[in-house]
Amino acid sequence: MLFILCLWYSLKVGDDMSTVHINAKKEDIAKIVIMPGDPLRAKFIAEEYLDNYKLVNTSRNMYGYTGYYKGKRVSVIPSGMGNASMGIYSYELYNNYDVDVIIRVGTCGTYKKDVNLYETVLVDTSYSNSSYGKNLGYNENHIKSSKRINEKIEEASNKCGINVLKSNIHNTDTFYNKNEFNYDCLGVEMETFALFVNAMIFNKDASALLTVSDNLVLNSKITAKEREKSTINMIV
Ligand code: HPA
């Protein structure tokens with residue numbers, strides 16, 4: 001009898017229990033998650049744009065927040081850097097927290113001379129030689145973002161008069177990478193591939209909006225401090 005009670009208790013409490021990397025209560029994470037890489041950018045987004053927000057995740061200092069944007073409940077949870085870290089957080093959010101939509105808001109470098117710093121990019125397809133997908137049985141080197149969410153993002157950006165470049169993106173596991181430029185893509189970043197693979201596995205939605213932070217041909221970049229706050233066009 002004691003065993004049955006313990007089992008019942010652990011299953012019941014299990015609903016509210018944290019995962020290995022996220023210590024938020026299940027009910028404290030919204031169905032829609034905005035996902036910057038940097039925890040400081042998550043804090044900035046919550047402070048600037050959310051009403052009645054509260055801190056819901058503190059594990060590993062990956063501060064995550066849930067609040068309301070124009071009355072809609074959203075969470076802002078950081079992914080950390082790279083497919084490995086994004087892979088962990090987005091997997092747990094879809095699988096354990098029943099999140100439906102994750103929109104990455106991050107930065108990218110561009111391979112194109114004529115693309116300006118601070119330009120906003122809406123990712124169509126992510127191209128990668130990362131092993132992230134292969135390890136989960138997905139053997140393609142490219143994966144698409146959510147058509148449904150991208151259409152909504154395009155609609156919203158048109159309404160706000162914000163110019164968004166819709167493009168393919170190169171995804172890499174190696175930041176200091178001199179040998180792998182993919183000139184068919186507008187630029188490069190390190191998280192979309194794992195996010196889109198996880199969305200496919202769990203039959204959920206994922207999209208990505210990126211601010212151009214570096215021009216890899218012209219060797220120009222925006223500063224770390226500016227990066228923290230460079231989400232404005234991606235968020236409004
Ligand atoms: N490489 C990879 N990821 C990036 C870059 C870059 O140059 N800039 C912003 N994210």
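My notes follow, starting with the ground rules.

**Ground rules**

This is a predicted model, so I keep local features only at pLDDT of at least 70 and side-chain atom pairs only at pLDDT 80 or more, while totals for chains, interfaces and linings use all residues. I number residues from 1 along each chain as its sequence is written, and side-chain values use heavy atoms, with hydrogens and water left out.

**Entry 1: the chain as a whole**

I get 8 helices and 11 strands for the protein chain. Helices (H or I, at least four residues) and strands (E, at least two) are DSSP runs, numbered from the N terminus. Of its 236 residues, 51% count as buried; buried is under 20% relative accessible area, exposed is over 50%, and partly exposed is in between (1.4 Å probe, protein chains only). I looked up contacts too (heavy atoms within 4.5 Å). Among those with a separation of 6 or more, 72% are between residues 24 or more positions apart. The accessible surface comes to about 12,200 Å², and carbon and sulfur atoms hold 53% of it. Areas are from the Shrake-Rupley method with a 1.4 Å probe, and for residues only the protein chains shown count as cover.

**Entry 2: the ligand**

Which residues are around the ligand? I list Thr 107, Cys 108, Gly 109, Phe 175, Val 188, Glu 189, Met 190, Ser 213, Asp 214 and Leu 216. To be near, a residue needs a heavy atom within 4 Å of the molecule. Taken alone the ligand exposes 260 Å², and the protein buries 92% of that. Strands S5 (101-110), S9 (187-189) and S10 (205-215) each give two or more residues to this shell, with S5 making the largest share at 3 residues.

By class I note 5 nonpolar, 3 polar and 2 charged residues in the shell. Here Ala, Val, Leu, Ile, Met, Phe, Trp, Tyr, Cys and Pro are nonpolar, Asp, Glu, Lys and Arg are charged, and the others, Gly among them, are polar.

I then checked the ligand's nitrogens. A ligand nitrogen is 2.8 Å from an N or O atom in the side chain of Asp 214. A ligand nitrogen also lies 3.2 Å from a polar backbone atom of Gly 109.

**Entry 3: Arg 104**

Is Arg 104 buried or exposed? Arg 104 sits in strand S5, and at 2% relative accessible area it is buried. Its side chain makes a polar contact of 3.0 Å with the side chain of Glu 189. For that term I need a pair of N or O atoms within 3.5 Å; within protein, one must be able to donate a hydrogen and the other to accept it, and residues adjacent in sequence count only if both atoms are side-chain atoms. A polar atom of the Arg 104 side chain is also 3.4 Å from the backbone oxygen of Thr 107. Leaving out residues up to four places away in sequence, Arg 104 touches several others, including Met 35, Met 86, Glu 191 and Leu 209.

**Entry 4: aromatic pairs**

I find 5 aromatic pairs. Rings of Phe, Tyr and Trp (its six-membered ring) pair if their centres lie within 6.5 Å; planes under 30 degrees apart are stacked, over 60 edge-to-face, and the rest tilted.

Tyr 53 and Tyr 65 have ring centres 6.0 Å apart and planes at 75°, so I log them as edge-to-face. Tyr 53 is in S2 (residues 51-57) and Tyr 65 in S3 (residues 64-69), so the pair ties together parts 12 residues apart in sequence. Tyr 53 is partly exposed at 35%, whereas Tyr 65 is buried at 7%.

Tyr 94 and Phe 202 are tilted, at 6.4 Å centre to centre and 40° between the planes. Tyr 94 is in helix H3 (residues 82-96) and Phe 202 in the loop between H6 (192-201) and S10, 108 residues apart.

Asp 38 caps the N-terminal end of H2, with a side-chain oxygen 2.8 Å from the backbone nitrogen of Leu 40. In H2 (residues 39-49), the buried residues I noted include Phe 44, Ile 45 and Tyr 49.

Most residues other than glycine have a negative phi. Asn 61 has a positive one, about 60°; it lies in the loop between S2 and S3 and is partly exposed at 49%. Asn 219 has a positive phi of about 65°; it is in the loop between S10 and S11 (220-221) and is exposed at 67%.
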